[in-house]
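Please have the structure open while reading.

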Amino acid sequence: MIQEKKSRKITFDYWKHLYAHRTNNMLSSEIRDLLSLSARPDIISFAGGLPEVRALNYQKLERYIKRAVKIDGDVSLQYGTSEGYYPLKTKLVEVMKMEGIEVNEEDMIITTGGQQAIDLLAKIFLNPGDVIIVEAPSYTGALNSFKSYEPEIVSIPVDKDGIKTQQLEDVLEELYKKNTQVKFIYIVTNFSNPSGVTTSLERRRKLLDLAKKYNTVIIEDNPYGMLRFEGKSIPSLKELDLKRNDQIVIYISTLSKIFAPGLRIGWIVAPHPILEKINIAIQSADLCTSSLTQRIAYEYFSDPTWKENIEKFIRIYRERRDTMLKALEESFPEEATWSKPEGGFFIWLKLPEYLNTKEILADAVTNKVAYVPGTGFYVDGRGKNEARLSFSTEGPERIERGINILAKVIKDKMSLYKKFL
Ligand SMILES: Cc1ncc(COP(=O)(O)O)c(C=O)c1O
């Protein structure tokens, strides 16, 4: 295995006067430094949500890669169209059908991961000062991308049923009265990153009603929908939108969680005029998504056993979630609460308000456990006493140990505070 190079040494930044304003919004360097430690093997990491790629059959993958080069090297090693590799689109149409979304190849564009899909959408929709709406807490990768286009981000809290649609309606009405156009609403509908929450059917319907009434679109980001461990799946916003023929949902997904993130393949399903704009944006972003990885993904989805891998992933993540929930229940102080996701990668933790998860992280890392503090998932400084715990990365034994360590760190902090309160 090739070892990572040593991390970069940050010295005095002589170039500060040259950077664009958008760089001001990037993740605070203390958290970044602490989290970079979480890549060390001695640290039990609940920080990054890494998919368990080791569950894949590497021998089979080797065959797919060989075929991609041997049979089809002229295509795999060449530039592709910015639309994406058509045969892979045909496979993705089948994948989406399994989730209840019936579209065809012309309705989608393949992107370099879901992250690029988010960034391209922000690029084509946002002028500085435009208003967008997100859930609170929301996916940091999306927030950071949005921020770089300098919009005003309005965040609406989530509860156990997803985004609070009554509050959303009040905000939309207020903005409407001020003649302010909301450019889009961004939402992760299933087992959200970071909250683990799934938007209920009632709220999904209400969201669609509101987007229509206030003449905006919804970006539905669904990387985790196929990783449901229990309960009944809920129709996606896109499926409901297609049935209503409203054309107000832009759908994003990715192969990162159902196959492997190293391929960097995602996709966007949207009304055709929007896809036209995305197509042009791709041409200035990266010309096209990697022909080689798209060709490999095509091989992967041509082998029906890919569905067995989803079942395997579900078994693995379900066991890890159960282990984490049990350990939390057994070891955490009763003042703490957490979400109970029915799928995906994440549990959202809330501690008493006097605690600061950024401060606790330093102690946790000293004790060899890492997580992500809550503030990075909000745009307004909230989340100080909250944190995201990912259960996807570590095996059950390390999860149990890590949660017990974290419980002790938190309890020690609490008793210290109680002494002085
Ligand atoms: C909600 C959400 N959207 C998008 C992404 C980006 O995924 P990728 O770029 O690997 O497809 C992630 C990754 O964690 C995510 O959690």
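Val 134 stands opposite Tyr 186 in S6. The model is predicted: local features need pLDDT of at least 70, side-chain atom pairs count only at pLDDT 80 or more, and totals for chains, interfaces and linings use all residues. Residue numbers start from 1 along each chain as its sequence is written. Helices (H or I, at least four residues) and strands (E, at least two) are DSSP runs, numbered from the N terminus.

Strand S3 (residues 131-136) pairs with strand S6 (residues 182-188) in the parallel sense, over three bridges; two strands pair if DSSP finds at least two bridges between them. Both belong to an open sheet of eight strands, in the order S2-S9-S8-S7-S6-S3-S4-S5, with mixed pairing. Strand S2 (108-111) and strand S5 (162-163) stand at the edges, each with a single partner strand, so one side of each has no neighbour in the sheet. H5 packs on the sheet and touches S2, S6, strand S7 (217-221), strand S8 (249-254) and strand S9 (266-269). Contact requires C-beta atoms, placed from the backbone, within 7 Å. The direction of H5 makes about 150° with that of S8.

Helix H5 (residues 113-125) also gives the most to the shell around the ligand, with three residues. That shell has 14 residues, the closest being Gly 113, Gly 114, Gln 115, Thr 254 and Ser 256; a residue is near a molecule if its C-beta atom, placed from the backbone, lies within 6 Å of it. By class, the shell has four nonpolar, nine polar and one charged residues. Here Ala, Val, Leu, Ile, Met, Phe, Trp, Tyr, Cys and Pro count as nonpolar, Asp, Glu, Lys and Arg as charged, and the others, Gly among them, as polar.

Two helix pairs are listed below. Axes are lines fitted to C-alpha atoms, for helices over the stretch in contact, and angles run from 0 to 180 degrees between N-to-C directions.

| Helix pair | Axes come within | Crossing angle |
|---|---|---|
| H8 (residues 201-213) and H9 (residues 237-244) | 10 Å | roughly 55° |
| H12 (residues 306-331) and H14 (residues 396-420) | 9 Å | roughly 25° |

H8 is therefore oblique to H9, while H12 and H14 are roughly parallel to each other. Angles under 35 degrees count as roughly parallel, over 145 as roughly antiparallel, 65 to 115 as roughly perpendicular and the rest as oblique.

In the contact of H8 with H9, Arg 204, Arg 205, Leu 207 and Leu 208 in H8 meet Leu 237, Leu 240, Asp 241 and Arg 244 in H9. These residues divide into four nonpolar, no polar and four charged.

Terms used. Contact = placed C-beta atoms within 7 Å.
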